[in-house]
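Here are my notes on the model, point by point. Have a look at the structure first, then read on.

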Amino acid sequence: MTETVLETIGLTMKFGGVTACDNVDFELKSQELRCLIGPNGAGKSTFFKCLTGLLRPSLGTVTMKNEETTNWDTHSITSFGVGIKTQVPSVMDGISVRENIWLAARRFVSTNRANDKATEVIERLSLEDVANTEVGRLAHGERQRVELGIVAAGDPWLVLLDEPAAGMTSHDVDQMIEIIHEMKQTAAIVIVEHDMQFIRTIATNVTVFHQGRVLMDDHVDAVMSNETVRNVYLGKKA
Ligand SMILES: Nc1ncnc2c1ncn2[C@@H]1O[C@H](COP(=O)(O)OP(=O)(O)OP(=O)(O)O)[C@@H](O)[C@H]1O
């Protein structure tokens, strides 16, 4: 039976008079991959921040693997086995790729095991050629792959990624999509993403946000051909 690994019920986040997330019910099954899309200001980032402990919702609940995590901080959520990549870089520029990934693995396992884990993640993410290079010297796409490596080092069962493809070349995006599909073998994944080419290529289920609410939940093909969604993106009234 497919297990629900992430659920929100009535998730609401108000900033003064602005309701950025409005009564959002959301459910993700194990090994499911879901992209969150929507026009600027739709509430995607706010929803993501409520999931990842960066914001405390005004109302509603977040449940991960049967544990209510609504008011947990990010550190506790990560320690629970959730890999999080925010838009704020988590890599350390002054140390090598291997050291960055090793430090991430060491949070979860012994020193010896972290050595093996770093080697395994570097291979999985095709970072062998730059393993000993300082992260500060890498190209943008490589840095983003290291960010994913830091997530992968914790063997997460749930991965939450905010705009992993931002600013990437199409070659980098293809490589990133391959890695994400591979991660999906062992984790459920939520991705907030603006890049429509990325969404089309990754060919997955999509949740469309509009004015803080869920407008539609469906496969990307159905979403892209939906007139209401098109109107929302073109700024017409939904
Ligand atoms: N810290 C905050 N204080 C006040 N209002 C906020 C705050 N964060 C977000 N908002 C408002 O909440 C609404 C939703 O914003 P949010 O950033 O979640 O949308 P988004 O879909 O992620 O947009 P984008 O694609 O531009 O990142 C917007 O009206 C925004 O101005």
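How many nonpolar, polar and charged residues are in the shell around the ligand? There are 5 nonpolar, 6 polar and 1 charged, where Ala, Val, Leu, Ile, Met, Phe, Trp, Tyr, Cys and Pro count as nonpolar, Asp, Glu, Lys and Arg as charged, and the others, Gly among them, as polar.

1. Ground rules. This is a predicted model, so to speak of a local feature takes pLDDT of at least 70 and to count a side-chain atom pair takes pLDDT 80 or more, while totals for chains, interfaces and linings use all residues. Residues are numbered from 1 along each chain as its sequence is written.

2. The ligand shell. Around the ligand sit F15, V18, A20, G38, N40, G41, A42, G43, K44, S45, T46 and F209; a residue is near the ligand if its C-beta atom, placed from the backbone, lies within 6 Å of it. Two elements give two or more residues each: β2 (18-29) and α1 (44-51). Helices (H or I, at least four residues) and strands (E, at least two) are DSSP runs, numbered from the N terminus. The top contributor is α1, with 3 residues.

3. Helix α1. Because 8 of the 8 residues of α1 are buried, the helix is largely enclosed by the rest of the structure. Buried here means 20 or more other C-beta atoms within 10 Å of a residue's own, exposed means 12 or fewer, and partly exposed is in between, with C-beta atoms placed from the backbone. The list runs K44, S45, T46, F47, F48, K49, C50 and L51. After α1 comes G53, with a positive phi near 80°.

4. The six-stranded sheet. It is open, with mixed pairing and the order β6-β7-β8-β3-β9-β10; two strands pair if DSSP finds at least two bridges between them. β6 (82-85) and β10 (213-219) are the edge strands, each pairing on one side only. From one strand to the next the twist averages 15°. Packed on this sheet is α1, which touches β3 (33-37), β7 (158-162), β8 (188-192) and β9, its direction making about 145° with that of β7. Contact means C-beta atoms, placed from the backbone, within 7 Å, and axes are lines fitted to C-alpha atoms (for helices over the stretch in contact), with angles from 0 to 180 degrees between N-to-C directions. Helix α5 (residues 140-152) lies across β6 and β7 and runs at about 160° to β6.

5. Strand β9 and its partners. This strand is mostly covered, with 5 of its 6 residues buried. On one pairing, β3 and β9 run parallel and are joined by 4 bridges, R34 being partnered with N205 in β9. On another, β9 (residues 205-210) and β10 run antiparallel with 6 bridges; H210 has R213 as its bridge partner in β10, and V208 has M216. β9 and β10 form a hairpin with 2 residues between them, and Q211 in the turn has a positive phi of about 50°.

6. A203 is in the loop between α7 (196-202) and β9. Why is A203 classed as partly exposed? Because it has 14 other C-beta atoms within 10 Å. Its C-alpha atom is separated by 7.7 Å from that of D221, 18 residues apart along the chain.

7. The four-stranded sheet. This open sheet has antiparallel pairing and the order β2-β1-β4-β5. β2 and β5 (67-68) each have a single partner strand, so one side of each is left without a neighbour in the sheet. α1 packs here as well, touching β1 (4-15), β2 and β4, with its direction at about 60° to that of β2. β4 (residues 59-64) and β5 run antiparallel, joined by 2 bridges, and M64 stands opposite E67 in β5.

8. The core. The largest nonpolar core has 65 residues, and those touching the most other members are L36, F47, I101, L158, V159, L160 and I189. Such a core is a set of buried Ala, Val, Leu, Ile, Met, Phe, Trp, Tyr and Cys residues joined through C-beta atoms within 7 Å. Leaving out residues up to four places away in sequence, I189 touches L33, V159, L161, I180, M183 and K184.

9. Helix α3. In α3 (residues 97-106), 7 of 10 residues are buried, including I101 and W102. Their cover includes α4 (111-124) and α5.

Note on methods:
Two residues are in contact if their C-beta atoms, placed from the backbone, lie within 7 Å.
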